[in-house]
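Please look over the sequence and the model below before reading on.

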Protein chains: 2
Amino acid sequence: MPSSRPVFFISDHTGLTAEVIGKSLLSQFSGQHFQIHNLPFIDSLDKIRAAVTRIDTTARECGRHPLVVATLTDPSARELLKTCDALVMDIYGHFLGMLESELGAAPQPRRGRAHGMQDLGAYHSRMDAVNFTLDADDGLNPGKYAVADLILAGVSRSGKTPTSLYMAMQYGLRVANYPLTQDDFDRPGLPPLLHPHLGKLWGLTLAPERLAQIREERRPGSRYATLETCRRELHEAAVRLHAAGVPVVDSTHRSVEEIAALIKQSLPPPPHQEI
Amino acid sequence: MPSSRPVFFISDHTGLTAEVIGKSLLSQFSGQHFQIHNLPFIDSLDKIRAAVTRIDTTARECGRHPLVVATLTDPSARELLKTCDALVMDIYGHFLGMLESELGAAPQPRRGRAHGMQDLGAYHSRMDAVNFTLDADDGLNPGKYAVADLILAGVSRSGKTPTSLYMAMQYGLRVANYPLTQDDFDRPGLPPLLHPHLGKLWGLTLAPERLAQIREERRPGSRYATLETCRRELHEAAVRLHAAGVPVVDSTHRSVEEIAALIKQSLPPPPHQEI
């Protein structure tokens with residue numbers, strides 16, 4: 001088996017943008033093997049020189065031509081990086097040039113503007129959303145539902161908490177979640193405390209087999225984890241959500257990122273965001 | 001004041017990659033105003049045609065030439081998108097071409113490989129990490145510290161929980177967190193339950209003024225929120241963390257993304273990740 005090809009994600013800040021773009025591009029080539037090296041905070045010309053040396057050394061050692069995905073804001077750093085013996089995908093170099101012509105303004109190379117705290121208001125509202133979501137996790141504080149952007153409901157282990165937290169962290173949405181349990185199934189309909197908020201309620205479901213597997217990892221051998229219990233609870237929840245006209249997302253084959261994007265797309269405002 | 005320039009992030013999947021790249025590029029142009037339109041799940045040629053119409057309509061209505069950042073895996077979709085009257089930054093079109101020559105293999109246009117569940121093992125370990133972090137949040141279950149990748153310690157409201165959750169969600173790390181409170185300050189040193197885990201302990205701190213502001217929002221008028229209390233607790237924590245040789249990150253001017261990237265960079269393994 002051939003050795004995997006080295007890939008470097010180089011950034012002068014957190015490296016998140018380089019990693020997202022890089023993994024996204026590599027994901028289009030299946031059957032290839034890559035070894036990922038993250039080099040964040042490469043924020044001086046000395047560090048760039050050290051990175052170039054590291055790339056060239058790695059190339060010699062493993063005998064493969066490396067790939068480099070770079071988000072470097074400093075043009076001199078970008079020039080230096082090009083001296084390494086690798087395929088350099090210079091994200092900023094390419095697209096900032098296009099933008100500069102279009103906008104009629106030169107970019108100001110400033111680091112860390114994408115994942116930093118430059119927009120303090122937006123950052124704090126994301127952190128507030130995370131705190132809100134923790135406070136309103138798993139049925140806690142239903143008094144806060146009135147000010148929630150969204151409420152997720154579903155049986156235990158249907159993915160409510162990770163999805164809520166992801167939406168809070170990524171989109172700054174205040175997402176509460178409510179667990180549908182046997183107590184709720186002892187009477188018809190959805191729990192009364194959800195009635196005033198149906199317009200912002202979403203259901204989460206998944207295949208009973210998958211749910212049983214997740215619960216079994218959590219509480220091995222319990223009645224809670226049996227396929228029968230899972231089937232029954234999922235059915236009870238589905239009937240009630242459907243009767244109330246609540247949209248339901250199936251998380252069996254969807255990541256939290258996919259569920260979050262799907263739900264967010266359906267939210268009415270804002271039509272656009274100003275930055 | 002001139003109207004803001006419309007920007008479209010177009011993707012055939014969640015839109016996360018397009019948004020990260022787009023915001024990262026735009027952040028280099030200060031003093032410009034942009035209105036962001038997210039168009040995720042544009043996964044058919046009909047939807048592309050509708051998107052082109054929407055872009056052209058928006059351009060006519062606001063009289064500004066739009067910017068488009070696109071991550072479309074289907075080459076026909078990319079061709080269609082180019083017919084709109086906008087500056088189209090075609091991320092895949094540009095870099096996949098470079099990669100194709102380098103790798104000697106054609107990309108397989110498959111959607112959703114960057115933020116989906118294709119790598120089930122990696123996805124589940126991220127979700128397990130989120131569950132671990134919730135179970136070991138705020139001093140809960142210290143028995144789990146032995147299997148944590150990292151433990152964050154700091155006074156109440158120093159940012160431990162959002163940072164822990166972000167690291168779990170983004171990097172799949174099992175991050176516990178422990179709140180340093182008056183009980184811990186009544187005796188010298190760090191709490192004994194942290195002693196066996198100093199090698200994976202990190203401290204979080206922030207400016208007392210900022211902490212007082214955060215606490216005041218949480219519990220207005222409380223002694224907990226006074227500058228005096230904040231100063232004293234931060235000092236007590238700092239002395240103990242320093243004496244134990246625990247590295248400390250200041251979150252006053254750092255986002256959770258920045259803190260997470262800083263801490264992760266310092267973790268010894270893995271030197272690289274295989275994908």
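What follows is a short briefing, grouped by topic.

This is a predicted model, in which local features need pLDDT of at least 70 and side-chain atom pairs count only at pLDDT 80 or more, while totals for chains, interfaces and linings use all residues. Residues are numbered from 1 along each chain as its sequence is written, and chains are lettered from A and ligands numbered from 1 in the order in which they are written.

**Domains and the two copies**

- Chain A is divided into domain 1 (5-103) and domain 2 (120-266), with bounds that come from an automatic or database domain assignment, and the C-alpha centres of these two domains lie 39 Å apart.

**The interface**

- In chain A, 67 residues are in contact with 67 residues of chain B, two residues being in contact if their C-beta atoms, placed from the backbone, lie within 7 Å.
- The side of chain A that touches chain B has 34 nonpolar, 25 polar and eight charged residues, where Ala, Val, Leu, Ile, Met, Phe, Trp, Tyr, Cys and Pro count as nonpolar, Asp, Glu, Lys and Arg as charged, and the others, Gly among them, as polar.
- Because 100% of the interface residues of chain A are also interface residues in chain B, the copies meet through the same surface.

**The parallel sheet of chain A**

- Four strands of chain A form an open sheet in the order E6-E5-E7-E8 with parallel pairing; strands (E, at least two residues) and helices (H or I, at least four) are DSSP runs numbered from the N terminus, and two strands pair if DSSP finds at least two bridges between them.
- The edge strands, each pairing on one side only, are strand E6 (175-179) and strand E8 (248-250) of chain A.
- Strand E5 (residues 150-154) of chain A is joined to E6(A) by five bridges, and A:Gly154 stands opposite A:Pro179 in E6(A).
- Helix H6 (residues 160-171) of chain A packs on the sheet, touching E5, E6 and strand E7 (201-205) of chain A, and its direction makes about 175 degrees with that of E6(A); axes are lines fitted to C-alpha atoms, for helices over the stretch in contact, and angles run from 0 to 180 degrees between N-to-C directions.

**Burial and single residues**

- In helix H10 (residues 256-266) of chain A, the buried residues include A:Val256, A:Ile259 and A:Ile263, a residue being buried if 20 or more other C-beta atoms lie within 10 Å of its own, exposed if 12 or fewer, and partly exposed in between, with C-beta atoms placed from the backbone.
- The cover over the buried residues of H10(A) includes E5, H6, E7 and E8 of chain A together with helix H1 (16-26) of chain B.
- A:Cys62, in helix H2 (residues 45-62) of chain A, counts as partly exposed, with 15 C-beta neighbours inside 10 Å, and touches A:Ser3 and A:Pro6, not counting residues up to four places away in sequence.
- A:Gly221, in the loop between helix H8 (208-218) and helix H9 (227-243) of chain A, is exposed, with 8 other C-beta atoms within 10 Å.
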